[in-house]
Amino acid sequence: MLEINDLTVCYDKAMILNGISLRVDEGELVSLVGPNGAGKSTTMRAVSGLVQWEKAQHRGNEGDITIKGTIEFMGHPIHRKPAHKIAEMGLILCPERRRPFKEMTVFENLRAGAYMIKDKKEAEHNLQNVYKLFPILQERSHQLSGTLSGGEQQMLAIGRSLMCNPKLLCIDEPSTGLSPIMRAEVFRKIMEIKAMGITVLLVEQEVSMVFKMTQRNYVLSSGKIIAEGSGEELLKDEVLRKTYLGM
Amino acid sequence: MIFDIVITSLIKGSTYAMLAIGFSLIFGVARIVNIAHTAFYMVAAYCIFYTTTQLGFNPILAIFVAVILVSLLGLITFKLLIAPIREHEAAVLIATIALAIALQEVMMILFTGDYRSVPPLVPGFATIMGVKVFYQQLLTFVSVLVVLGLMYLFLQYTRLGLAIRATAQDREVANLMGMNESQVAMLAMGISVGLAGVTGAVLAPLSIVEPHMWNHPLAMMLAVVVLGGLGSIKGSLYAAFILGTAEALVVFMIPAGAYLKGAVALSIMVFVLLVRPAGLFGVQFEEER
Ligand SMILES: Nc1ncnc2c1ncn2[C@@H]1O[C@H](COP(=O)(O)OP(=O)(O)O)[C@@H](O)[C@H]1O
Ligand SMILES: [Mg+2]
């Protein structure tokens, strides 16, 4: 469903991603893990078109961005498409740091998530589904999203990305900054999302819980994929476990 | 005299609010500082002058023509002049200053620098508490309130309004939700200039129409935006009435106060920047990396 081939991203002269390749098949839950600064978010931003958008913003300025390699989504190359077109194809990124629209209510955030759904009935149906998955959002629907707790904001961010029927949902570090209980809750919800038939690419630093959920994982470090496999396989490797997975 | 001050504050406040909200809108959505904003207001006033006094248009028709022409002019200049250099903030600033001066000079060539006046769309006045209130003043005030109300409904309850607010808060996430950022910017520019056009059209009969008439509103509008907090529409609304009142007080209470109008804006701006640079309702834009 998603196929990244030899992707290289440079900001100015710093090579952030150095020829990475990875693949996510339909129905899978795949994780991309690695230490802080490895380039996980940059990978997500390239896949969702934000790196390209940023590049267009900086057109002609210092700090040029270069992108090489290919990204294919459902057989179509997307590495030159603008971010909103990629979203229209059904590839949705739930961004790092959650980023709710803080000046809007929970309900308005969800409505913004359904921007691409022009059919009112369908949008309402999706809203009810999101409320079913995250009942707390319904309780808080008229609260400004900036006033929610970190865990609730994460639920909102995921809920918002679900509003437009994504085919592939990329989630960037949903558990960061949450209590252990909240983390477990978020991961449970992600399993439910997978069970709904949505393909998920999950970026995380916290591997112990993630490896229990996935069959395949990629380990990214300094802009390179250094290992791939099931959690069990990856954890067998002493060096990998201690140095890159922090366990 | 108190009633005079109230009337003047309300009219000034509401027109500054319209100008500042339009200015904030395009800044919020596209990070464009459009110095030419009030120049569009001046063009609209000239449109009203030309169509009503020279072509004999009916005033209502004249307002529609003015707003549509000015919005088109805004969109065309956006497309040709601003969009290609949007990534360079300094260039946008310079380009919009140049545009404002160019519009001023074009009006100077077309209509000379003579002071023009536009007859009130509704002649006559009522006497309220011993003070003459011209129907035109009421009309201006009410139209501004109506337009602001419509604006609010549009931003709050429509799909495109939501896209504008989302883009203003976080351009990257708006992109991720499938919002086409450059189309939203175009729309915001159209609305922004349209608001400037409406302001010029309804205010023309109350002001002297001349090529430099955009200077003072520009200073006031910038002061409003600084006081209200850059990018905050709510802040603009409050700040506009505060500044409108401050200006009315100076004009009425201080001898020869009319000459001090400009100083009011500048001193408030300096004061706010020193004491509370984020303004009353500074919006924190989501940091783009
Ligand atoms: N806009 C940018 N300009 C320059 N360097 C950046 C930019 N964004 C990220 N980086 C750098 O790229 C590296 C990878 O960042 P990121 O993709 O956020 O890693 P991760 O998500 O794995 O923590 C970091 O060293 C970071 O400093
Ligand atoms: Mg990251």
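Author: Two strands pair if DSSP finds at least two bridges between them. Strands (E, at least two residues) and helices (H or I, at least four) are DSSP runs, numbered from the N terminus. This is a predicted model: local features need pLDDT of at least 70, side-chain atom pairs count only at pLDDT 80 or more, and totals for chains, interfaces and linings use all residues. Residues are numbered from 1 along each chain as its sequence is written, chains are lettered from A and ligands numbered from 1 in the order in which they are written, and side-chain values use heavy atoms, leaving out hydrogens and water.

Begin at Leu2(A). Its opposite number is Phe73(A), in S4(A). Strands S1 (residues 2–11) and S4 (residues 65–73) of chain A run antiparallel, joined by eight bridges. They belong to an open sheet of four strands. The order in chain A is S2-S1-S4-S5, with antiparallel pairing. At the edges lie S2 (14–24) and S5 (76–77) of chain A, each pairing on one side only.

Leaving aside residues up to four places away in sequence, Ile190(A) touches Leu29(A), Ile171(A), Pro174(A), Val200(A), Leu202(A) and Met213(A). Contact means heavy atoms within 4.5 Å.

Helix H8 (180–195) of chain A is one of the elements that the buried residues of H5(A) pack against. The others are H4, H6 (135–139) and H7 (150–162) of chain A. Which residues of H5(A) are buried? They are Ala123(A), Asn126(A), Leu127(A), Val130(A), Tyr131(A) and Leu133(A). Buried means under 20% relative accessible area, exposed over 50%, partly exposed in between (1.4 Å probe, protein chains only). Seen down the axis of H5(A), the buried residues fall within an arc of 160 degrees, so they line one face. The arc uses directions from the helix axis to the C-beta atoms. Turned away from that buried side are the exposed Lys121(A) and Lys132(A).

Compare a helix of chain B. In H11(B), Val264(B), Ala265(B), Met269(B) and Val272(B) are buried. They fall within an arc of 125 degrees when viewed down the axis of H11(B), so they too line one face of their helix. Their cover includes helices H9 (215–228) and H10 (233–253) of chain B. The face of H11(B) turned away from the buried side carries Phe271(B), Leu274(B) and Val275(B), which are exposed.

Finish with strands again, now in chain B. Four bridges join S1 (residues 125–128) to S2 (residues 131–134) of chain B. These two strands also run antiparallel. Thr127(B) has Lys132(B), in S2(B), as its bridge partner. The hairpin of S1(B) and S2(B) has two residues between the strands. There, Met129(B) takes a positive phi near 50 degrees.
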